[in-house]
Amino acid sequence: MSDIHEHAAGDSVPELKQRIRELAGMLHACRLRLPNAPAEAMRELAESEERFALAVRGTNDGIWDWDIRTGKVFFSPPWKSMIGYEDDELENVFSTFETQLHPEDHDRVMATLNDYLAGRIPRYSVEFRFRHKDGSWRWILARGRALRDEHGTPYRMAGSHTDVTERKHDEEELRKARRDAESANSAKSAFLANMSHEIRTPMNGVIGMSELLLGTDLNETQREYLEMLKLSADSLLELLNDILDFSKIEAGRMELDAHEFDLNEVVTEIAQAMGIRAFQKRLVFLHHISPEVPLRLIGDDGRLRQILVNLIGNAIKFTHKGGVTIEVTLESSTADMVTLHFKINDTGIGIAADMRESIFEAFTQAETSTSRRYGGTGLGLAICHDLVALMQGRIWVESQPGTGSTFHFTAAFGRTSGISIKPRPPRINQVATAQASMKVLIVEDGHVSQLVGARMLEKRGHVVTLAANGREAIERCDKETFDAILMDVHMPGINGYEATARIRKTEQATGRHVPIIAMTANAMKGDRERCLAAGMDDYIAKPLRSAELFQVVEQFAHRSAVPEPAHESPVPSPPSPRPQIEPPPFDLAEFRESTGDEKLMRKLVAIFSEDAQKYLRKAEKALTAGKARPLYEAAHSLKGMLGVYAAKKALTLSSELCEYAHAGDLKGAQLMLEQLKKECALLGDALLGAFEPGI
């Protein structure tokens, strides 16, 4: 290698000497042209030439020196060889430079040069294509500097040309690679959207029909088979959601939806749902939120639920005896933000030391045996890792094989102004029958999806009309009024977007506004926003879940502003009120769905009264003693128990009792406790009535 450097240095000596001779000749010519030039100016010129010679030494740059007054230009031999010419093949005049410029670059280069000479820009530096002797085009970077007289008029300009063709080719390759990557990413997004739509559409039939069948009279074997079918469909949907979430995170498209939420409600609801799985495995399942943790926060509770469900689900899956515990503590706080520390501890199989870091990588699983005893996609923890990072936190695990694991994660949330002690409006009751019957139009081209949606709503007590496409929907809306429309987005002919636009246009003349809910198998980021931008009021993704469907539709029960035309009679008859049906104390279908086991349901019914009375007595005792903290703990335990029974009213009352206790309002708590005791008594009777022997 050293021989190569020595050889290269030796070859450069004649060229360097030639350049020095050229510069000396240029300096002498300048002196002859300017015999009266100030000595200081000539000294500066000589120093400038020396610096320039040092700058180009050892490079492949070509130098040029332009006498602006005469138009003559000195082009160094390397300058000419750069474009394939010998020294004597090109004339040393300005037109030599100008005629070699690419026609598309000529005007731009000349404008840059004139702007520099006129003093409108501070420096001359420009890239352009230059014709090579072989007819090809080389990319050149030209830089130069002018000398000016005492009036500021330029009389000489010198500079260099650098061949940057390879760099331009590299830049073009990078641009092409970026375009290809963006195109591939767009293709992947389109594929994922299509995959989501194509898979969710048949799954809507499988899961929806499973829900409907589970609500009918079945013998024990039929129910067992059907529950296994629904479990498999739910697992497939979970797999699909994991893949879509991971793809969104990988593409940098995952965003958090921050809003105010109740942390206690989030943790309790998750504990209720996951507690059933733990109960089925005979595991102890506990959860605790430290008293210093604010109950109301600002953040994305949906993504927080996703993290907790994943970690708790793993803990239950890998634990066969002992239990699982959830703990939430305050890590740090400021006036505006709090950082919480979540711990999910289990007594399961544990994780080997060499796997504790890699389990948070995509498609990695701690359990790697060929038997694949536990299953899974290997994406859940990777998604949790990235979601925690979005929440400005971190996630890690402590574990020993055979003794269990503790997963930790921190997350930052905004603070609210305080804790409201006023009762919050309860969520729409998920009971077997709606409080108010609605007239709903389902616009769907798929027969299975029509049947699923219609049967769910009809069992709920609503009146359903079907339309197979957008044109039928428009015609239906012209003839009759509806309280809500479930509009499929992708249909042949007039699709959901176009149908919505036409309905909205008609409404401009009538003053009506029927709530339109997008119903689509697309579940990618931006789908909801596109539906709302098209004039729809809400969005629900397939496969349809009865609880979510009821909540989305029934939020418009009293908001469908549909004024009737004025009657000719001077005193129009008021519209007949819709029947108000008192909901039962619990939702049998939801209770059956959440437990998934008839024997387990009967066992839960048998122990309800004893457990409920135990917590109610604790609450009564704490209230009598004037102790808010024990009251809160008793109400919190009762709330966790009631959620298992799908008893929405009792659950709402117990939640309000928790808030009164947390706020120290014992008077309000007393009133709430009385209501809760009455509701628990009604619930106990309803449970026993629904599960009498032989029923």
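Let's start with an open sheet: five strands, arranged in the order 2-1-5-4-3, with antiparallel pairing. Strand 2 (73–75) and strand 3 (124–131) are the edge strands, each with a single partner, so one side of each has no neighbour in the sheet. On average, neighbouring strands of this sheet are turned by 25° against each other, direction ignored. Two strands count as paired if DSSP finds at least two bridges between them. The strands themselves (E, at least two residues) and the helices (H or I, at least four residues) are DSSP runs, numbered from the N terminus.

Before going further, please keep in mind that this is a predicted model: local features need pLDDT of at least 70, side-chain atom pairs count only at pLDDT 80 or more, and totals for chains, interfaces and linings use all residues. Residues are numbered from 1 along each chain as its sequence is written, and side-chain values use heavy atoms, with hydrogens and water left out.

Back in the sheet, strand 1 (residues 62–67) pairs with strand 5 (residues 154–163) in the antiparallel sense over six bridges. Tryptophan 66 has methionine 157 of strand 5 as its bridge partner. Helix 5 lies across strands 1, 3, 4 (137–148) and 5, and runs at about 155° to strand 3. Such angles run from 0 to 180 degrees between N-to-C directions, and axes are lines fitted to C-alpha atoms, for helices over the stretch in contact.

Helix 5 spans residues 103–117 and includes aspartate 105. Is aspartate 105 buried or exposed? At 4% relative accessibility, aspartate 105 counts as buried; the cut-offs are under 20% relative accessible area for buried, over 50% for exposed, and partly exposed in between (1.4 Å probe, protein chains only). Leaving aside neighbours within four places in sequence, aspartate 105 is in contact with Phe128 and Arg129, where contact means heavy atoms within 4.5 Å.

In the loop between helix 10 and strand 11 lies glutamine 392. Glutamine 392 has a phi near 60°, a positive value in a residue other than glycine, and is exposed, with a relative accessible area of 63%. Alanine 646 is buried, at 5% relative accessibility.

Strand 11 (residues 395–400) and strand 12 (residues 404–415) pair in the antiparallel sense over six bridges. Isoleucine 395 stands opposite phenylalanine 409 in strand 12. The two strands form a hairpin with three residues between them, and glycine 402 in the turn has a positive phi of about 90°.

Our last stop is a helix pair. The axes of helix 11 (residues 447–460) and helix 15 (residues 546–554) come within 11 Å and cross at roughly 70°. Helix 11 is therefore roughly perpendicular to helix 15; that label covers 65 to 115 degrees, while angles under 35 count as roughly parallel, over 145 as roughly antiparallel and the rest as oblique. Gly453, Met456, Leu457 and Arg460 of helix 11 make the contact with Ser546, Leu549, Phe550, Val553 and Glu554 of helix 15.

Taken as a whole, the protein chain has 20 helices and 17 strands, and of its 695 residues, 45% count as buried.
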